Amino acid sequence: MKNHVWQPYCQMKTAPPPMKIVATEGCHLIGASGQRWIDGMASWWSACHGYNHPHVREAVTEQLARMPHVMFGGITHEPAERLATRLAALAPGDLNHVFFSDSGSVAVEVAMKMAIGHWRRRDRPGRTRFLAFHNAYHGDTTGAMSLCDPQRSMHARYSDAITQQFHVPLPRDESFEEELNRVLSEHADSIAGVFVEPLVQGAGGMRFHDVETLRRIRDACRRHDVLLIADEIATGFQRTGKMFAVDHTAEDEHPVVPDILCLGKALTAGTMSMAVTIARTHVFDSFYDDDPGAALMHGPTFMANPLACSAANASLDLFETTSYDIDRLESVLRERLSVLRELDHVADVRCLGAVGVVQFRDPPKMQRVQEELVQRGVWLRPFGDCLYTTPPLCIGEDSLHQICDAMIDATHATLPSGIQLR
């Protein structure tokens with residue numbers, strides 16, 4: 001295995017062997033000897049309904065027998081058309097135009113290309129750069145990497161090899177709002193759009209911000225006439241308690257409606273890779289022209305894969321018929337994990353929807369933490385200074401408590417020497 005499989009996000013020379021999984025069931029991963037672990041990561045946020053849901057499996061099986069794949073250039077099919085129509089109905093405002101791709105990073109790349117193309121069609125060809133925020137993470141491909149925090153992200157070592165974008169602190173208060181407006185004003189001729197992970201920044205540090213911060217970002221984009229691009233690849237599909245994180249402003253007189261919305265991960269309920277980039281009408285209309293050169297020149301080979309579209313449609317069926325109590329998940333995570341605040345080396349415990357995060361001030365060796373979790377029947381993948389869980393939305397009460405127990409026990413078992421309770 002070591003000579004042929006190159007594992008992600010690890011040093012292959014020193015990393016321990018990966019855990020081999022042979023089957024999945026509900027919220028569990030199953031090993032070769034029948035061992036079971038609760039997947040508190042939902043396969044990197046994606047398995048929202050748990051694994052092997054019969055409705056999703058049936059939809060994919062039926063589609064497999066009929067048409068597993070067909071190129072989407074010059075061809076269309078019912079699963080993609082139905083999915084696009086449903087996503088347009090779910091998305092806020094006039095986010096009505098759905099472009100398919102095959103991964104979240106590519107969805108971000110498409111959004112960048114859309115934004116640049118939009119301004120070129122509006123005679124603003126100099127707008128080719130973007131603004132993102134400190135601790136941002138938007139993907140692993142080259143363009144998406146450029147949006148990640150240039151100093152704090154896992155991609156910082158590539159900062160000299162990628163396009164230099166603008167990065168500022170999230171406008172949590174008026175002083176940071178002034179910084180955002182200053183950069184947008186000074187570079188108005190070169191910034192095509194602002195990327196934000198609404199409410200929850202993911203792999204850049206699992207940091208949260210409030211709805212008012214999101215409103216400030218929207219207002220700054222309007223003030224300086226730049227596009228607002230929401231990366232909801234992680235937060236989409238009820239992870240924060242609403243279908244999309246921007247929906248937390250739905251009751252506002254003027255809700256936050258991004259110009260472009262990126263979705264992935266839970267889109268197909270963790271069944272297979274697919275993502276979408278959804279544009280508002282004014283962005284789409286920039287490309288809608290008799291001029292062939294106005295076309296959006298992008299087309300992944302497996303875009304709108306019929307199997308993935310069928311899985312996504314089945315997942316939307318489940319969201320329509322299943323009531324997930326996200327408030328309950330948040331309440332349990334918040335109550336159970338709060339005990340860790342008593343530890344001197346814990347900097348923060350924060351929870352939002354089906355996301356629970358323990359951030360360390362003096363991080364233990366995360367590989368040791370993970371080993372302790374596995375011994376307790378729970379699969380989590382801590383990173384940096386964070387131990388976090390994003391469980392399947394369908395997780396039962398006992399399993400959720402087992403995740404919390406394991407996080408608490410593993411934290412105590414790996415206390416750095418000399419650390420005391422507060």
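Which domains does the domain assignment of the chain give? The chain divides into domain 1 (56–321) and domain 2 (325–364 + 373–421), with bounds that come from an automatic or database domain assignment. Please keep in mind that this is a predicted model, where local features need pLDDT of at least 70, side-chain atom pairs count only at pLDDT 80 or more, and totals for chains, interfaces and linings use all residues. Residues are numbered from 1 along each chain as its sequence is written, and side-chain values use heavy atoms, leaving out hydrogens and water.

The C-alpha centres of the two domains lie 29 Å apart. Across the boundary, 14 residues of domain 1 are in contact with 16 residues of domain 2, contact meaning heavy atoms within 4.5 Å.

Next, a helix pair; helices are DSSP runs (H or I, at least four residues) numbered from the N terminus. The axes of H2 and H9 come within 8 Å and cross at roughly 150 degrees. That makes H2 roughly antiparallel to H9, a label for angles over 145 degrees. The axes are lines fitted to C-alpha atoms over the stretch in contact, with angles from 0 to 180 degrees between N-to-C directions.

| Helix | Residues | Contact residues |
|---|---|---|
| H2 | 54–66 | His55, Val56, Ala59, Val60, Gln63, Leu64 |
| H9 | 306–321 | Pro306, Leu307, Ser310, Ala311, Ala314, Ser315, Asp317, Leu318 |

Finally, His224 lies in helix H7 (residues 211–224). His224 is buried, with a relative accessible area of 16%; buried means under 20% (1.4 Å probe, protein chains only). Not counting residues up to four places away in sequence, His224 touches Arg127, Asn181, Leu184 and Ser185.

Methods
Helices (H or I, at least four residues) and strands (E, at least two) are DSSP runs, numbered from the N terminus. Angles under 35 degrees count as roughly parallel, over 145 as roughly antiparallel, 65 to 115 as roughly perpendicular and the rest as oblique. Buried means under 20% relative accessible area, exposed over 50%, partly exposed in between (1.4 Å probe, protein chains only).
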